[in-house]
Amino acid sequence: MSAPAERRTFRIAAIPADGVGVEVVAAGRAVLDALASASGGAFAFDWTEFPWGCGYYEKTGRMMDDDGLEALRDFDAIYFGAVGWPTVPDHVSLWGLRLRICQNFDQWANVRPVHFHPGVVPPLRKADHTELDWVVVRENSEGEYAGFGGRNLAGRGPGNEVALQTALFTEKGCERIMRFAFDLARTRTRRKVSSVTKSNAQQYGMVLWDEVFARVARDYPDVETESVLVDAMSAKFVLRPEDLSVVVASNLNADILSDLGSALAGSLGLAASANLNPERRFPSMFEPVHGSAPDIAGQGLANPIGAIGSAALMLDHLGLPEEAERLRKAIDATTGAGVLTRDVGGSATTDQVVAGVIERLGL
Ligand code: GGG
């Protein structure tokens with residue numbers, strides 16, 4: 001039987017990488033394939049899996065192939081698991097794979113939604129916290145993760161070593177992530193952008209960030225704004241979550257805040273993310289916020305909701321918003337029915353959550 005004329009086949013690169021990354025990428029693929037096979041041939045996924053990660057490093061001395069970026073370049077999207085394993089130094093695994101892809105493909109906007117999930121009782125929920133619905137927008141190409149610095153610069157010996165880690169802030173880099181955050185705020189019920197820095201102590205890059213934020217804000221008079229120091233914002237996340245909508249921050253600050261946000265929503269295992277190249281010159285990458293969790297890897301205990309939520313973000317990106325919405329509803333119906341993994345107080349296995357989501361897709 002031939003496929004319908006308008007059938008769209010999306011070429012997706014899957015990189016499960018390490019630990020629970022393998023389990024949650026398999027989970028997300030199973031859900032996406034179920035959606036595709038129920039689409040009556042309207043769309044399909046053509047998966048290519050890459051074996052990169054710490055196991056690959058141990059065999060070859062490389063986290064990914066030297067020509068790996070070339071191999072990825074023409075995919076419609078990348079679906080990523082998690083990177084890191086105790087046998088490889090974390091900075092080697094992170095820079096050798098995840099950051100290499102993010103930076104070379106100019107995935108400068110890392111979008112990390114944080115919200116309550118039905119059925120999940122968050123650790124600090126207060127009676128008056130009726131809402132927790134944010135998007136953390138992380139500058140993903142420069143800042144503290146620009147990769148500039150060095151060690152032992154003055155030739156000092158052991159015990160006297162000196163290390164320098166330089167953060168890079170460019171006016172263009174700040175401006176594009178802020179415009180992205182403001183445009184996103186305009187699509188949300190609460191039109192507000194909170195900018196986060198430590199500009200009282202870091203007087204160069206983060207003061208530039210503040211100045212660009214004030215300038216860009218003038219182009220969005222319909223959007224409420226605030227500038228908050230990162231220490232105060234950490235407290236605000238806990239004490240006044242209902243007062244936030246879009247939070248824009250540098251690479252390091254947003255990395256930390258989005259983990260805090262996911263923990264406040266119940267677990268890191270729930271959190272989805274998209275590393276976007278908004279110009280679409282390069283493929284974007286979709287991955288759960290969590291890492292490889294060596295302590296539970298391979299036991300069927302990983303929470304796949306973050307990875308499945310990332311698959312929904314990928315569907316949005318591929319131009320399938322109705323399918324993305326259908327998937328988000330199925331995720332909510334699954335957690336709402338109490339099909340929960342151990343990290344959020346349940347006893348379901350990864351596979352049981354996947355089966356629960358597929359069952360609730362309404363196919
Ligand atoms: N799936 C996300 C992941 O593997 N994270 C590992 C990690 O250490 N990430 C640091 C970062 O987000 O920059």
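Reader: At what angle do the axes of H1 and helix H9 cross, and within what distance do they come?

Author: This is a predicted model, in which local features need pLDDT of at least 70, side-chain atom pairs count only at pLDDT 80 or more, and totals for chains, interfaces and linings use all residues. Residues are numbered from 1 along each chain as its sequence is written. The axes of H1 and helix H9 (residues 305–317) come within 8 Å and cross at roughly 45 degrees, where axes are lines fitted to C-alpha atoms, for helices over the stretch in contact, and angles run from 0 to 180 degrees between N-to-C directions.

Reader: Why are H1 and H9 called oblique to each other?

Author: Angles under 35 degrees count as roughly parallel, over 145 as roughly antiparallel, 65 to 115 as roughly perpendicular and the rest as oblique. With a crossing of roughly 45 degrees, H1 and H9 are therefore oblique to each other. The crossing of these two helices is right-handed, a word used if the near helix is turned clockwise from the far one by less than a right angle, with left-handed for anticlockwise.

Reader: Which residues make the contact of H1 with H9, and what is its make-up by class?

Author: Val 24, Val 25, Ala 27, Gly 28, Val 31 and Leu 32 of H1 meet Ala 307, Ile 308, Ser 310 and Ala 311 of H9, residues being in contact if their C-beta atoms, placed from the backbone, lie within 7 Å. The contact of H1 with H9 has 8 nonpolar, 2 polar and no charged residues; Ala, Val, Leu, Ile, Met, Phe, Trp, Tyr, Cys and Pro count as nonpolar, Asp, Glu, Lys and Arg as charged, and the others, Gly among them, as polar.

Reader: What makes H7 and H8 roughly parallel?

Author: The axes of helix H7 (residues 230–239) and helix H8 (residues 251–265) come within 10 Å and cross at roughly 15 degrees, and H7 and H8 are therefore roughly parallel to each other. H7 passes H8 in a right-handed crossing, and among the residues that meet there are Met 233 and Phe 237 in H7 and Leu 257 and Leu 260 in H8.

Reader: Why is H10 called oblique to H11?

Author: Helix H10 (residues 321–336) and helix H11 (residues 350–359) pack at an angle of about 125 degrees, with their axes 8 Å apart, and that makes H10 oblique to H11. Their contact is made by Ala 330, Ile 331 and Thr 334 of H10 and Val 353, Gly 356 and Val 357 of H11.

Reader: Which strands stand at the edges of the sheet?

Author: The open sheet has 10 strands in the order S2-S1-S3-S12-S11-S4-S5-S10-S8-S9, and the pairing is mixed; two strands pair if DSSP finds at least two bridges between them. Strand S2 (43–49) and strand S9 (224–229) stand at the edges, each with a single partner strand, so one side of each is left without a neighbour in the sheet.

Reader: How many bridges join S1 to S2?

Author: Strand S1 (residues 8–17) is joined to S2 by 7 bridges, and the two run parallel, with Arg 11 standing opposite Asp 46 in S2.

Reader: Which residues are around the ligand?

Author: The shell consists of Ala 82, Val 83, Gly 84, Leu 94, Arg 98, Asp 255, Glu 287, Pro 288, His 290 and Gly 291, a residue being near a molecule if its C-beta atom, placed from the backbone, lies within 6 Å of it. Helix H4 (90–104) and strand S12 (285–288) are the elements that give two or more residues to this shell, which by class has 4 nonpolar, 3 polar and 3 charged residues.

Definitions and conventions
Helices (H or I, at least four residues) and strands (E, at least two) are DSSP runs, numbered from the N terminus. Two residues are in contact if their C-beta atoms, placed from the backbone, lie within 7 Å.
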